[in-house]
Amino acid sequence: MFGDFIRRLTQPEPDVLPDEDARLALTALLVRIARSDNDYSDREMERIDQINARRYGLGPGATAALRAEAEVLESEAPDTVRFTRAIKDAVPYEQRRAVVQALWQVVLADGSRAQEEDALVRMVTNFLGISDRDSALARQAVDGEA
């Protein structure tokens with residue numbers, strides 16, 4: 001179903017993604033983070049929906065549909081390294097930086113930071129081209145929201 005999308009995303013010189021495709025790819029990355037500790041909780045799903053509602057101005061039905069599509073894409077997407085590098089090449093920097101904060105929101109949605117989630121966020125942040133400092137600032141901003 002998403003084969004063509006993944007091929008376009010992971011080609012050697014990907015085009016900048018249209019907004020709808022960028023939403024899907026970035027939501028799939030949020031799903032991958034949430035699933036990384038093998039405990040994809042309702043709270044994490046709700047947080048992903050909240051992030052998408054706020055970021056894209058979507059209603060409850062649209063956020064749930066986007067997350068459901070992203071869950072399928074995430075399960076079919078290649079390894080995290082290639083997938084994340086492809087997002088880096090296809091999504092403007094400012095959007096990637098905002099994604100790091102969203103990643104931390106998902107990680108902290110269930111009130112704990114699993115080692116698997118922490119390690120994956122560090123790796124993804126690096127592959128997105130975001131500094132450790134900016135990632136730490138994003139995490140602190142999310143901690144401050146709680």
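## Salt bridges and a pocket in a predicted model

Student: How many salt bridges does a search of the whole structure find?
Tutor: This is a predicted model, and everything that follows is computed from it. Side chains of opposite charge can pair when their charged atoms come close. When the whole structure is searched for such pairs, the number of salt bridges found is eight.

Student: Which residue forms a salt bridge with E74, and which helix holds that partner?
Tutor: The closest N and O atoms of the pair that E74 forms with R35 are 2.5 Å apart. E74 lies in helix α4, and the two residues are 39 residues apart, so that the pair links distant parts of the chain. The partner is therefore R35, and its helix is α2.

Student: Is E74 buried or exposed?
Tutor: A residue counts as buried when its relative accessible area is under 20%. R35, the salt-bridge partner of E74, has 27% relative accessibility and therefore counts as partly exposed. For E74 the relative accessible area is 11%, which means that E74 is buried.

Student: By about how many helical turns are R97 and E94 separated?
Tutor: R97 forms a salt bridge with E94, and their closest N and O atoms are 3.3 Å apart. Both residues belong to helix α6, which covers residues 93-107, and because they are three residues apart there, the separation is about one helical turn.

Student: What is the distance between the closest N and O atoms of R122 and D118?
Tutor: R122 and D118 are four residues apart in helix α7 (residues 115-127), so they are separated by about one helical turn. D118 is buried, with a relative accessible area of 13%. In the salt bridge that R122 forms with D118, the distance between the closest N and O atoms is 4.0 Å.

Student: Which elements give two or more residues to the lining of the largest pocket?
Tutor: The largest pocket holds about 180 Å³ of space, and its lining includes E20, R23, A62 and E69. By class, five of the lining residues are nonpolar, none is polar and four are charged. The elements that give two or more residues to this lining are α2 (19-35) and α4 (60-76).

Technical notes: Residues numbered from 1 in each chain as written. Predicted model: local features only at pLDDT ≥ 70, side-chain atom pairs only at ≥ 80, totals over all residues. Heavy atoms only, no water. 1 Å grid on protein atoms, 1.4 Å probe; cavity = no way out; pocket = protein on both sides within 12 Å on 5 of 7 lines; lining within 4 Å. Points joined across faces, edges and corners; volume = space filled by probe spheres on them. Nonpolar A, V, L, I, M, F, W, Y, C, P; charged D, E, K, R; others polar. Salt bridge = Lys/Arg side-chain N within 4 Å of Asp/Glu carboxyl O. Buried < 20%, exposed > 50% of the residue type's maximum accessible area, 1.4 Å probe, protein only.
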